[in-house]
Structures are given as C-alpha cells and as structure tokens.
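Please examine the following model together with its sequence.

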Amino acid sequence: MISIQKYVRAESLEEAYRLNQSRANRVIGGMLWIKTGTGSVSTAIDLCVLGLDGIEETEEEFVIGAMTSLRQIELHQGLNAYTQGAAEAAVRDIVGVQFRNLATVGGSIWGRFGFSDVLTFFLSMETFVELYKGGILPLEQFAAMAYDRDILVRLIVKKKPGMFAYRAFRNQRTDLPVITCALSRVAGEYRAVVGARPGRAVVVRDEEGLLSGNLTEGEPSGKGGHFAAEALSMEGGHSVAGAFSVEGGHSAAGAFSIGGGHLKEAFQAFSAYAAEKVPVGSNTRGSAAYRSHLIKVLTERNLIQLGGNRDGN
C-alpha cells in the first residue's frame, strides 16, 4: 500500500517540475499503477488542470497530451482511421472500460515497461515525446533513457503514409501481456516492435531486406485514401479488424505482390529475424523459448494482416 502525505494540483508545468525535483515527491497520472506499489510519497503532483487531456489532429500530426486517457485513444476516430484500427486494438484489452477511463498515456509511456501495449504501439509510428526541460525527442530514444525528474508533456505522432497492425498475447483477457507486437510500414520502412518482459520494448527494422527485397506494395483503395476495415488472417480463416478488404476472394486494398520471392517465405524469414533480435526472459507468465515462439507467430500474423492473401503465396 502506498501512502501520500500531501496532494497538489500543479498550476503550471514549472510548478510541477519544481516539485518533482524532490525524490520524495511523485507525478501522478491515473494512479492505477502507482497504487499497486508500497512506500510513502511526500507530495503527489497532479497535472489534471494543465489542459493535457486531449488529442489535437492537424494535417501533419496528432498531438496527444500526457493526461489523455487510454479510452480517448481507443475511441478517437482520426487516430483509428490513420492506423487502420490499430490504436483501438492496442488498448481495448487493457483490463476494462473503467480502467481505461482513468489510465493515462503519459503514465503508460513514462513507465517504459516491457509489457506496455501503449509504448509498443506508439513506437511503431513516427512518434516523438515532448519533455518540459528536455524538449522534443524521438520516442525510441526516450524509451531507452534512464528515468529522471523531467515532466512528460505530450506525444507527437507524425502522419506519414503507412500501414499498421497490432497484436498481443495474454494468458487471460485482462492479464498483463506475455508479448506485445506491433508492425508498421511507414515511408517505405518496415518496423516490428516487440515488448517482452522483463526487458523494454525493442524496435526491429528490416535491415536484412527480408521484406523490402521481396515485396512490392500495391496502391491503397477506398474513400479518402484510407484502407478498408477488414483483413485476412490465419486465425480459423476468419477476417479480423485491420487494413484490407476482400473482393471476389482476393486481398484488395494495399495488398502486396510477389517481387523476387514468395510472401509466405518472406513473412516467415522476417518473423524469425525479429524473434532473434528481441532478448526475452522467463517468469511466471512464460519461458524465454515460449516468448520467442510467440514473437514469430504474432509478427507473421501482423504481416499477413498488412498484406497477405489467404494461403500466404
């Protein structure tokens, strides 16, 4: 159990930053992770009156305040249209609606936990963090940094043309994930992001050309240049929420074509490559070997969602 001696609603980021320089004090978000710990907090610093609880969308980017709830991410039409539903997929299994109404983006990102659906998802995009004193820097760089006493103000997601998919594996629906796995193709770059406890999320790029050397991306279809709302998968032959539609039994919007190799072979090669690149460990939720196997499976299913057909050829 955690005890709080004093509660302060910061009237400015400067006040919040000044208070947070004491190691006995702590910035609070939704209080959902902090309250599971033990110890004493001298001053709990609340950012709730600083206007950081919304999502602003422009032609170039999404600006997401640190106090934005996960439920707002889940329901935001613009963010879900841009990511072909991956935003909703990344947060919808985080406990329940009541929890997601309280949990904040800032708290999820600041923690930099290896099991974080939120961090894994945002790492798959061109995402930056804005720190009060540290300025703007890439999320990937921030995720590798040691903890300090700065204040996370907001996330900035650049709206570059891309395709996105997200999956996670849980032993039961409301449990912490055993593996989180996001996949994207942004500005011609393939990127797999895997979160595996006990380490932090790892970004895997196609440095060997396993995908870009074998696949040619087709043109997206659909109104407004967005992808359709269904995708093919290997899960019992059923469609799942994603980026592609089916017309006459063939994969349509934005599907990949063969270019010097077979889709199935390229997908399997990159999935195995991702599993090799991500360090994993064992705990009560699964062994290291089990996690490596899950990385292969989820990465390949994400690839199929982005651009395969039913038999993977």
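The paragraphs that follow treat the chain as a whole, then helix packing, then selected residues.

This is a predicted model, in which local features need pLDDT of at least 70 and side-chain atom pairs count only at pLDDT 80 or more, whereas totals for chains, interfaces and linings use all residues. Residues are numbered from 1 along each chain as its sequence is written, and side-chain values use heavy atoms, with hydrogens and water left out.

The protein chain contains ten helices and 16 strands; helices (H or I, at least four residues) and strands (E, at least two) are DSSP runs numbered from the N terminus. Of its 313 residues, 49% count as buried, where buried means under 20% relative accessible area, exposed over 50%, and partly exposed in between (1.4 Å probe, protein chains only). Among contacts (heavy atoms within 4.5 Å) between residues at least 6 apart in sequence, 64% join residues at least 24 apart.

Helix α1, residues 13-20, has E15, A16, Y17, L19 and N20 as its buried residues. These pack against β1 (2-9), β2 (26-28) and β3 (39-46).

Two packed helices are described by the angle between their axes and the distance between the axes. Helix α9 (residues 263-277) packs with helix α10 (residues 288-307) at an angle of about 140°, their axes lying 8 Å apart. Axes are lines fitted to C-alpha atoms, for helices over the stretch in contact, and angles run from 0 to 180 degrees between N-to-C directions. α9 is therefore oblique to α10, since angles under 35 degrees count as roughly parallel, over 145 as roughly antiparallel, 65 to 115 as roughly perpendicular and the rest as oblique. Among the residues making the contact are L263, F267 and F270 of α9 and I295, L303 and I304 of α10.

R191 is found in strand β11 (residues 189-196) and is buried, with a relative accessible area of 5%. The side chain of R191 reaches the backbone oxygen of M125 at 3.1 Å. Not counting residues up to four places away in sequence, R191 touches residues including L123, E126, L183, V203 and R205.

Most residues other than glycine have a negative phi. Q84, however, has a positive phi near 55°; its place is in the loop between α3 (77-82) and α4 (86-91), and at 9% relative accessibility Q84 counts as buried. A187 also has a positive phi, of about 55°, although it is not a glycine. A187 is found in the loop between β10 (179-186) and β11 and is exposed, with a relative accessible area of 62%.

Key: Polar contact = N/O pair within 3.5 Å; in protein donor to acceptor, adjacent residues only side chain to side chain.
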